[in-house]
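Thanks for coming. I will go through one chain today, from its overall layout down to a few residues.

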Amino acid sequence: MSLKHVERWKDAAMALEADKVSKPRGSVRMLHRELVRAAEFVADNYEATKERPGFATVAFRVQKKMSSELRSLDEAITYQHSRALFGGSPSDEDREVIDEAREVIEELEGAVDFVLDDGVDEPADLAAAGAKRRRGQDESIPTLTEGLQDLSVIGAELESRLTQIEGFDMKLVARAGRLADKLSKLDLPSAGSADIDLRNRLLELADQRLKTIRTAGTYVFRHHPDLLAQLPNRSPDRA
């Protein structure tokens with residue numbers, strides 16, 4: 001199904017000028033959340049009501065189909081991002097390892113960030129910030145593996161502080177190390193440059209639409225701060 005969405009957007013993506021396209025500098029998973037949220041926001045606020053205006057007042061800029069377009073682009077990006085990272089779709093077994101690794105690194109990263117946010121500079125602060133920065137810039141398996149390895153070491157060093165968090169399980173630190181080892185042994189094909197380029201072009205199409213929604217919404221809902229707060233907040237730098 002997702003391949004169908006890629007085909008839908010491929011011509012528009014390839015028509016973009018090369019200098020308008022850049023590699024992602026942030027999390028594509030965060031973009032997924034923004035696309036889903038933006039699609040729902042457009043659908044819920046397209047027609048005007050007695051209480052508020054709607055995007056329909058600027059239909060020349062935001063058409064009703066924008067909501068379904070965002071969902072389609074999300075499907076296309078999800079599929080193409082997998083090809084750009086893994087050179088295709090990983091097996092179900094490999095995907096389970098990758099998904100578990102991402103869940104563990106997010107959970108452990110959050111706990112480490114929390115205990116280090118104490119106003120005291122120490123080596124662990126730099127190490128954790130470096131791991132987080134690299135992961136934000138690159139979602140590849142090698143970077144994920146390196147992040148798990150870093151956090152397993154940092155987590156072990158911070159055991160006395162992490163265990164002060166009620167409910168925190170130090171087994172998460174050991175899991176990070178084991179998952180890093182599993183990831184390093186995955187036999188995944190390398191992505192071709194064409195897959196990466198198409199992924200980046202689809203990201204640019206999505207960013208253009210998010211910008212349009214935010215610009216139009218800022219005007220349409222200018223007297224409705226509650227709705228302004230719900231507008232997509234990602235900028236085209238994919239941060």
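The chain has 10 helices and 0 strands, where helices (H or I, at least four residues) and strands (E, at least two) are DSSP runs, numbered from the N terminus. Along the sequence the pattern reads α-α-α-α-α-α-α-α-α-α.

Some bookkeeping before the rest. This is a predicted model, in which local features need pLDDT of at least 70 and side-chain atom pairs count only at pLDDT 80 or more, while totals for chains, interfaces and linings use all residues. Residues are numbered from 1 along each chain as its sequence is written, and side-chain values use heavy atoms, with hydrogens and water left out.

Now the totals. Of the 239 residues, 44% count as buried; buried means under 20% relative accessible area, exposed over 50%, and partly exposed in between, with a 1.4 Å probe and protein chains only. The accessible surface comes to about 13,000 Å², and 50% of it belongs to carbon and sulfur atoms. Those areas come from the Shrake-Rupley method with a 1.4 Å probe, and for residues only the protein chains shown count as cover. As for contacts, meaning heavy atoms within 4.5 Å, take those with a separation of 6 or more: 79% of them join residues 24 or more positions apart.

Next, the interior. A nonpolar core here is a set of buried Ala, Val, Leu, Ile, Met, Phe, Trp, Tyr and Cys residues joined through side-chain atoms within 4.5 Å. The largest one has 33 residues, and Phe55, Ile77 and Leu202 have the most contacts inside it. Helix 1 (2–14), helix 2, helix 3 and helix 9 (193–220) each supply at least two residues of this core, and helix 9 gives the largest share, 9 residues. Leaving aside neighbours within four places in sequence, Ile77 is in contact with Val28, Leu31, Leu35, Leu202, Leu203 and Ala206.

A second, separate core has 29 residues, including Ile98, Val104, Val112 and Leu144. Val104 is in helix 4 and counts as buried because its relative accessibility is 2%. Not counting residues up to four places away in sequence, Val104 touches Leu148, Leu172, Arg175, Ala176 and Leu179.

The C-alpha atoms of Ser193 and Ala84 are separated by 8.1 Å, with the two residues 109 apart along the chain.

Last, the second largest pocket. On a 1 Å grid over the protein atoms alone, a pocket is an open set of points where a 1.4 Å probe fits, with protein on both sides within 12 Å along at least five of seven lines, and lining residues have an atom within 4 Å of a point. This pocket holds about 230 Å³ of space, the volume being that filled by probe spheres set on the points, which are joined across faces, edges and corners. Its lining has 15 residues, with Val28, Arg29, Thr78, His81 and Arg102 nearest the centre. Helix 2 (28–44), helix 3 (66–86) and helix 4 (92–116) each supply at least two lining residues, and helix 3 has the largest share, 7 residues.
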